[in-house]
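User: I'd like to learn how to read helix packing and sheet order in a model. Could you walk me through it?

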Amino acid sequence: MSSTIAHAARTELTSFNGELIGPDDTAYQQARGVYNAMIDRRPALVARCADADAVARVIAFARAHDLPLAVRGGGHHGAGLGTVDGGVVADLSPLKDIEVDPDSRTVRVGGGCVWGEVDRATNAYGLATPSGIISTTGVGGLATGGGLGHLTRKCGLTIDNLLEAEVVLADGRKVTASGYENSDLFWALRGGGGNFGVVTSFLFRLHEISTVVAGPTFWAVEDSAEVLAAYRDFIPNAPRELNGFFLHGTVPPAPPFPEEIQLRKTAGIVWCHTGADPEAAAREMAPLLDVLPAPLLHAPMVLQHPELQTMFDGLYPPGHQWYWRADFVETVPDDAVALHAKFGAEVPTMQSTMHLYPIDGAAHDVGQDETPWAYRHANWASVYAGVDPDPANAELIKRWTVDYFDALHPYSAGGAYVNMMMDEGQERVRASYRDNYDRLARIKADRDPDNVFRLNQNIQPAPKPTHGSRP
């Protein structure tokens with residue numbers, strides 16, 4: 001059946017601008033893979049699309065053959081939403097154009113780019129836009145789901161810096177979405193995920209950020225409760241130039257980490273100060289550091305922004321087992337601090353971790369309904385991630401992740417950051433958009449009434465209104 005579908009694609013999609021890969025092709029094993037090796041799916045066709053017309057043709061082909069359609073940018077999503085068994089994958093990886101305009105401080109980015117490519121291009125002009133924390137992350141998934149990272153407190157979310165998008169709709173039409181054109185679609189794209197179309201090009205605002213003072217501070221895991229209690233009070237009141245996310249994890253067994261702390265479980269903060277002055281960064285970190293025990297390591301240093309963005313790449317290469325859960329958090333009461341300390345001490349593998357990302361500062365400047373991202377009042381986004389290269393440990397890391405999440409979820413704000421959710425059901429998706437869900441569902445009904453784009457954290461199309469008969 002799969003071979004038949006691939007053959008049909010080659011027959012029907014003549015002069016296709018890209019590459020059509022089926023199960024019998026030598027490139028298939030590599031083409032079907034995604035970042036999370038826990039996801040092992042076998043699509044009938046992987047269509048690498050080199051332009052928007054190719055994307056439109058692949059959508060039409062999938063619809064004509066009644067096949068499920070997955071859209072893949074970087075393939076990083078933990079739930080494996082960029083692939084599908086027996087269906088079609090529209091792979092955007094050939095869409096790599098990047099155009100920086102230093103005069104307007106904007107960058108236009110192809111839908112197949114990863115953030116490291118964008119970071120390097122913009123850094124050449126001393127500019128940057130919010131782009132997560134791992135450079136191999138795809139632009140499209142991060143940008144349409146929200147976009148948390150090192151620059152959140154200073155510059156807002158990635159969606160807060162999106163100015164325009166070129167989109168292929170479910171019916172194959174190619175449209176521009178911005179604040180001036182197709183504004184309903186533009187609103188939905190800024191947090192509504194891949195529900196409304198395939199974004200083949202993004203236009204982002206850039207900021208004057210070139211070098212940063214960044215790096216980790218690690219404390220012994222036994223100090224976790226004390227560190228987290230101080231951190232929760234400190235970071236919301238820190239200057240916006242200073243970002244720092246809290247983590248539980250294990251020190252990697254490699255340089256530049258000193259041998260005496262390698263493989264130690266720790267509580268930590270990964271800092272990013274958007275100024276280039278180490279003395280200013282040290283002054284702003286001091287009110288926290290001065291009240292805490294001496295750390296095992298304090299290593300913020302002057303880095304080019306792309307260097308910071310690649311800091312975790314070596315620790316988290318493609319092909320590892322991943323299982324994650326997430327929540328939005330308004331407060332971290334003492335009982336939650338104690339639970340974090342308990343689970344932090346039980347991190348099951350070297351790469352498993354918990355991150356608590358601040359979402360205050362510039363992210364709070366945007367109203368609850370200005371974008372679909374409905375937790376502007378929250379102060380953190382938590383993610384619990386079990387990670388390991390060995391498939392034999394898949395159940396171990398999943399159990400720790402779920403237990404950690406279940407213990408802390410009662411202290412959450414209710415919903416979760418959709419970029420860090422597994423396949424957790426429709427009610428969980430609705431809770432993550434809160435009062436914005438119904439508006440998203442109406443836009444979905446207008447732009448994708450047949451729910452062609454459903455392999456995502458799905459917004460279901462609003463039902464058509466019924467009209468009673470006249471008396």
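**Reading a helix pair and a sheet**

Analyst: Gladly! This is a predicted model. Let's begin with a helix pair: α8 (residues 224-234) packs with α11 (residues 334-344) at an angle of about 135 degrees, and their axes lie 9 Å apart.

User: Which word describes how α8 and α11 lie to each other?

Analyst: Angles over 145 degrees count as roughly antiparallel and 65 to 115 as roughly perpendicular, while the rest between those ranges are oblique. The angle here is about 135 degrees, so α8 and α11 are oblique to each other. The crossing of α8 past α11 is right-handed.

User: Which residues make the contact?

Analyst: From α8 come Ser224, Ala225, Leu228, Ala229 and Arg232, and from α11 Asp334, Val337, His340 and Ala341. Sorted by class, the α8 contact with α11 has 5 nonpolar, 2 polar and 2 charged residues.

User: Now the sheet, please. What is the strand order?

Analyst: Reading across, the order is β5-β6-β9-β7-β8, in an open sheet of 5 strands with antiparallel pairing. At the edges sit β5 (98-101) and β8 (174-178), each pairing on one side only. On average, neighbouring strands of this sheet are turned by 15 degrees against each other, direction ignored.

User: How many bridges join β7 to β9?

Analyst: There are 6 bridges between β7 (residues 162-168) and β9 (residues 198-205), and the two strands run antiparallel. For example, alanine 165 has phenylalanine 202 in β9 as its bridge partner.

User: What does helix α4 touch on the sheet?

Analyst: Helix α4 (residues 115-123) touches β5, β6 (106-110) and β9, and its direction makes about 30 degrees with that of β5.

Technical notes. Residues numbered from 1 in each chain as written. Predicted model: local features only at pLDDT ≥ 70, side-chain atom pairs only at ≥ 80, totals over all residues. Heavy atoms only, no water. Axes fitted to C-alpha atoms, helices over the stretch in contact; angles between N-to-C directions. Helix = DSSP H or I, 4+ residues; strand = E, 2+ residues; numbered from the N terminus. Parallel < 35°, antiparallel > 145°, perpendicular 65-115°, else oblique. Left-handed = near helix turned anticlockwise from the far one by under 90°. Contact = heavy atoms within 4.5 Å. Nonpolar A, V, L, I, M, F, W, Y, C, P; charged D, E, K, R; others polar. Pairing = 2+ DSSP bridges.
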